[in-house]
Amino acid sequence: FMMRQFVVFFVLHLALLQYVASLTKGPRKIQSFFTRVRSLVPLKRDHGKGFTRNKDEIDNNIQTMFDQNKAWKKAKDAEDPDFFNNLGSKHEPRYMWIGCADARVPAEVITGEDAGSIFVVRNVANLVVNTDFNLMSALQYAVKELKVPHIVVCGHYNCGGIRAAMEQRDHSSPLENWLRNIRDVYRIHRKELDAIKDPEKRHRRLVELNVVEQCLGLYKTGKIQKARMANYMAGNPKHGYTTPCIHGCVFDPATGELKSLNINFRKYINELHEVYDLYGEDSEEIAAEVAAAALQD
């Protein structure tokens, strides 16, 4: 109620200022002030739908997306008349992509893949955080239901999240809470990173090391371990190698190049397995998983 009174008072006060300014044709400061404030106030209120100031301009901007969609659909129909029939009838992606939310790193575009081939999850600085229910749910779905054979963690140079984490200032919650995961990566590799004197080269190296740590974060999860162990115990029947495979790569927006980091995961796993391993070859749960998979096949 008090807020409503304040709004009414504020609007009446502005109306009075406008009236005075119109009578006296000044002072200029009053007119200037009113003009600035009025630009912040909607010209019209469409109850239930929000403010409608500049609605035509907004509609025109968003319409571009729909126009481009029509052009894309037309091109696809001409290229492959069955494309959308196939796309709508099944969902069998070959890859899960964990990437940065940065608009310059769209998975399908930079890899040349088509719609339906990549199952995508993106967040600030492509992090694998075990309390991120969005990513963990997507990971479970990709591994358990979609059975994707490859999971890619992709970072990129000139990453705003990495740069922010390298600054010694509080970016406030919740962003700062998120960036702390990158600061932890820096702490783990501080000796190597501090030895790099050039700030840009240090940034680029942290981008790469962050990808490595996020890949290791995947190996630490129960879902990945269970799927890989079950696949291994079953003799890798579908692909001939243990899946899902984890891959780390980095994209450079300045050149368009996507490069593999060629991470020696076996080295890391040998160092960490005594701490993080959740399943052994004699696990009853793994045996049940193998038996269930065999029945499905």
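Start at the second largest pocket, which holds about 800 Å³ of space. A pocket here is an open set of points on a 1 Å grid over the protein atoms alone, where a 1.4 Å probe fits, with protein on both sides within 12 Å along at least five of seven lines. Its volume is the space filled by probe spheres set on the points, which are joined across faces, edges and corners.

This is a predicted model: local features need pLDDT of at least 70, side-chain atom pairs count only at pLDDT 80 or more, and totals for chains, interfaces and linings use all residues. Residues are numbered from 1 along each chain as its sequence is written, and side-chain values use heavy atoms, without hydrogens and water.

Select Tyr219, Arg228, Arg266, Ile269 and Asp277. Of the 25 lining residues, these are the closest to the centre of the second largest pocket. Lining residues have an atom within 4 Å of a point.

Next, select helix H12 (265-276). H12 gives the largest share of this lining, eight residues. Helices are DSSP runs (H or I, at least four residues), and strands are too (E, at least two), numbered from the N terminus.

Now move to Tyr232, in helix H11.

Tyr232 is in contact with both, leaving aside neighbours within four places in sequence. Contact means heavy atoms within 4.5 Å.

Finally, zoom out. The protein chain has 13 helices and seven strands.
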